Amino acid sequence: MKRIIVALFGVLLLATACNNKTKKNETNTAPSEPQQPNTTTVTPALSQEYFLWDDEKVAIKGEIKDGGVWLTFDKEQVVYQTSNDEEMYRLPDGPVEVEGLLGEPQGICIGDIGQDFNPILCVLLPEGKVQILSLWNSISTGDLEATLMPFEGIVGFEAGPGGEYESEDGEINYDYVTIYGLDAQGGKHEVPLYLLEHNLEYSDNDEVLVYRLYLSEDWKMQYVIDDRAHDRMEEERGRFWELEADWDNMVFRFGYELTEAFVYSENGVKGNDEDVKGIFEIRRKEGEWNSSFVTPIEGIDFCQKGMNKTVKFVAGSAYGG
């Protein structure tokens, strides 16, 4: 694919301007303090232009202004690239502000992660923290909430190839392109995405409830209880992150934190803040790729079957219900 071909040309360091077609970055010009040896100095980008097939026409622009991050989409280009269905575009016209930032943005990056066009927004925060947003998910769901990543001490970003391997003839190749967070010592920390099934559901034939897990590419989590008529009863929202990944045996363990709870009734929706932390595991089995075997380890007993009891979830409806 196009993105793999690009990756074979090697790492492209752009000092937080991560897209391979970026034409312009606006950066701070204030002098920096003298650096100690073996450290990296990166000036975060204040704006970013992202291109699709047309090198002369910006598809997505991100910029920091008024203490926030604003995104402008070329609706025609992004709809054609994704669903080719204008009804699937869920954002308002004009610039939109990224939500849920946990500090004043210091710099941004928009770059692809994967083997094709897949723009991910990375936002650098004070103390070297990072939040990300999947922009394809934003246009199809309207979700603009950025997710906190388990990073600290990041000073900038770098775009380049990932998944390095050596071919039989000794050549170095790469599986995909990605974004790395850079720390002050020059260390690189790959920005991960959630790559398993996003929409999981479980229901017992003898029960009236349907349990759902929505797990987004950019690490948002929703735990939902519906009735058989698909009317929502309860919902909890937050984020999750990878703790362990065994791709050989397809076993994955995640931590999570749910911070919002909603109860639905004929009188409307009642929402509250909450603080629920937990751990769950997902197993995939060969020949059952439509299924995910989920085990609650700490926190919520997702299907009321008991903690540490594995339940077979199947692929469900679109993210967010």
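## A strand covered on both faces

Strand β6 in this predicted model has both of its faces covered: Pro119, Leu121 and Val123 are buried on one side, and Ile120, Cys122 and Leu124 are buried on the other. Here, buried means under 20% relative accessible area, with exposed being over 50% and partly exposed in between, for a 1.4 Å probe and protein chains only. Because 6 of the 6 residues of β6 (residues 119–124) are buried, the strand is largely enclosed by the rest of the structure. In a regular strand the side chains alternate between the two faces of the sheet.

Residues are numbered from 1 along each chain as its sequence is written. As the model is predicted, local features need pLDDT of at least 70 and side-chain atom pairs count only at pLDDT 80 or more, while totals for chains, interfaces and linings use all residues, and side-chain values use heavy atoms, leaving out hydrogens and water.

## The neighbours of β6

Strands are DSSP runs of E with at least two residues, numbered from the N terminus (helices are runs of H or I with at least four), and two strands pair if DSSP finds at least two bridges between them. Strand β5 (residues 107–112) pairs with β6 in the antiparallel sense over 6 bridges, and Gly111 has Ile120 as its bridge partner in β6. These two strands form a hairpin with 6 residues between them, and Gly114 in the turn has a positive phi of about 130°.

Strand β7 (residues 130–134) also runs antiparallel to β6, joined to it by 5 bridges. Across this pairing, Leu121 stands opposite Leu133. The hairpin of β6 and β7 has 5 residues between the strands, and there Glu127 takes a positive phi near 65°.

## Strand β12 and its partners

Strand β12 (residues 199–203) pairs with β13 (residues 209–215) in the antiparallel sense over 5 bridges, with Val210 as the bridge partner of Ser203.

## An open four-stranded sheet

Another sheet is open, with 4 strands in the order β1-β2-β3-β4 and antiparallel pairing. Its edge strands, β1 (47–51) and β4 (96–97), each pair on one side only. Strand β3 (residues 68–73) meets β4 over 2 antiparallel bridges, and Trp70 has Glu97 as its bridge partner in β4.
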